[in-house]
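Let's take a walk through this protein together, starting with its aromatic rings and then moving on to its nonpolar cores. Have a look at it first.

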Amino acid sequence: MSSSTEGSARAAQRLGFSKGHVVQELGYDEDVDAGLRADLEEILDGELVDEDYDDVTDGALIWHRSDDGDLGDALVDALAALDDNGPVWVLTPKAGRDGHVPPSDVEDAATTTGMHVISTFSVAPDWSATRVASRGRGR
């Protein structure tokens, strides 16, 4: 049974991935949004790859909760396999949900790893998505 909805399909499209992209998923656990994952895999026409994937990726999806450890480490892991300028999304539980991560923590982790926050939006009933990207050479 799919928990996919029209809303999660639109949210998956907003992540900016396309058919054939290889997207690495880090921080997968039983609490991730199954509908969003299903919609994203439909867009990709394939499955998300896990932390053990050892080839180049087109983007990354990091599920991160307050007790998951250092977000900076997860960002570095995602960047290690990432092709130039591929999107990196940090998905965090919304305020009031178990495992909520304050936006300032995402910003701090991004800054520490030489990245910056570009945008944040609601991606699922319990999750927010924050896009982080490398800083340009001129900064």
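Are Trp63 and Trp127 buried or exposed? Keep in mind that this is a predicted model. In it, both Trp63 and Trp127 are buried.

A pair of aromatic rings is described by the distance of the centres and the angle of the planes. The count here comes to two aromatic pairs. One of them is Trp63 with Trp127, an edge-to-face pair with 4.8 Å centre to centre and 80 degrees between the planes. This pair links distant parts of the chain, since Trp63 belongs to strand S2 and Trp127 to strand S5, 64 residues apart.

Now for Trp89 and Phe121: they also make an edge-to-face pair, with 5.5 Å centre to centre and 80 degrees between the planes. Trp89 is in strand S3 and Phe121 in strand S4, so the pair ties together parts that are 32 residues apart in sequence. Both Trp89 and Phe121 are buried.

Next, the cores. The largest nonpolar core has 19 residues, and Trp89 is among those with the most contacts inside it, as are Leu15, Leu36, Leu40, Leu61, Leu91 and Val123. Helices H1 and H2 each supply at least two residues of this core, and so does each of the strands S2, S3, S4 and S5. Apart from this core lies another one, of 16 residues, including Leu75, Ala78, Val106 and Met115.

Leaving aside residues up to four places away in sequence, Leu40 touches Ala12, Leu15, Phe17, Leu48 and Leu61.

Methods:
Residues are numbered from 1 along each chain as its sequence is written. This is a predicted model: local features need pLDDT of at least 70, side-chain atom pairs count only at pLDDT 80 or more; totals for chains, interfaces and linings use all residues. Side-chain values use heavy atoms; hydrogens and water are left out. A nonpolar core is a set of buried Ala, Val, Leu, Ile, Met, Phe, Trp, Tyr and Cys residues joined through side-chain atoms within 4.5 Å. Buried means under 20% relative accessible area, exposed over 50%, partly exposed in between (1.4 Å probe, protein chains only). Helices (H or I, at least four residues) and strands (E, at least two) are DSSP runs, numbered from the N terminus. Contact means heavy atoms within 4.5 Å. Rings of Phe, Tyr and Trp (its six-membered ring) pair if their centres lie within 6.5 Å; planes under 30 degrees apart count as stacked, over 60 as edge-to-face and the rest as tilted.
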